[in-house]
Amino acid sequence: MRGRELVGRNVRRIRVGQGISQERLAFDSGVDRSYLGGMERGEENPTVDVLDRIATTLSVPLRELFAESGSNASRKGLPRGRKPIK
């Protein structure tokens, strides 16, 4: 697996595991949402500074974004649509 794909899958896995939307992670880490989506799909090549901001926002060590997992986890995501405003 290419490095970009590995990082993208890990960002998505961690983000979904924490119940954070792509839009929220992008806003909180100061990254454009479409860029973050491309990064999760392995289409973008983020800098170390961008990865550091994302890891900090997700409260994980930077090395967690490079961790290789032995399983091919499903690409399950969060439910579609925006959350209602309360």
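Student: Which backbone oxygen does the side chain of Ser29 reach, and at what distance?
Tutor: The model is a predicted one. Ser29 has its place in helix α2. The side chain of Ser29 reaches a backbone oxygen at 2.6 Å, and that oxygen belongs to Leu25.

Student: Is Ser29 buried or exposed?
Tutor: Buried means under 20% relative accessible area. Ser29 has a relative accessibility of 4%, so Ser29 counts as buried.

Student: With which residues is Ser29 in contact, leaving aside its neighbours within four places in sequence?
Tutor: Ser29 sits in helix α2, and the neighbours within four places in sequence are left aside here. The contacts of Ser29 are then with Arg53, Ile54 and Thr57.

Student: How many helices and strands does the protein have?
Tutor: Read along the sequence, the pattern is α-α-α-α. The count for the protein is 4 helices and 0 strands.

Student: What percentage of the residues of the protein count as buried?
Tutor: The cut-off for buried is under 20% relative accessible area. The protein has 86 residues, and the part of them that counts as buried is 34%.

Student: Which residues are buried in α3, and against which helices do the buried residues of α3 pack?
Tutor: In α3, the buried residues are Leu36, Gly37, Gly38, Met39 and Glu40. The helices that the buried residues of α3 pack against are α1, α2 and α4.

Student: Which residue just after α3 takes a positive phi?
Tutor: Helix α3 covers residues 33-40. Just after α3, a positive phi of about 80° is taken by Gly42.

Student: How far apart are the closest N and O atoms in the salt bridge of Glu40 with Arg12?
Tutor: A salt bridge here needs a side-chain nitrogen of Lys or Arg within 4 Å of a carboxyl oxygen of Asp or Glu. For Glu40 and Arg12, which form a salt bridge, the closest N and O atoms are 3.8 Å apart. The pair links distant parts of the chain, with Glu40 in helix α3 and Arg12 in helix α1, 28 residues apart. The distance asked for is 3.8 Å.

Student: Why do Arg15 and Glu40 count as buried?
Tutor: Buried means under 20% relative accessible area. Arg15 is buried because its relative accessible area is 5%. Glu40 counts as buried because its relative accessibility is 4%.

Student: How many residues apart in sequence are the parts that Arg13 and Glu64 tie together?
Tutor: Arg13 forms a salt bridge with Glu64, with the closest N and O atoms 3.3 Å apart. Arg13 lies in helix α1 and Glu64 in the segment after α4, so the pair ties together parts whose separation in sequence is 51 residues.

Student: Are Arg13 and Glu64 buried or partly exposed?
Tutor: Partly exposed lies between the cut-offs of under 20% for buried and over 50% for exposed. Arg13 has a relative accessibility of 40% and therefore counts as partly exposed. Glu64, at 28% relative accessibility, also counts as partly exposed.

Notes. Residues are numbered from 1 along each chain as its sequence is written. This is a predicted model: local features need pLDDT of at least 70, side-chain atom pairs count only at pLDDT 80 or more; totals for chains, interfaces and linings use all residues. Side-chain values use heavy atoms; hydrogens and water are left out. Helices (H or I, at least four residues) and strands (E, at least two) are DSSP runs, numbered from the N terminus. Buried means under 20% relative accessible area, exposed over 50%, partly exposed in between (1.4 Å probe, protein chains only). Contact means heavy atoms within 4.5 Å. A polar contact is a pair of N or O atoms within 3.5 Å; within protein, one must be able to donate a hydrogen and the other to accept it, and residues adjacent in sequence count only if both atoms are side-chain atoms.
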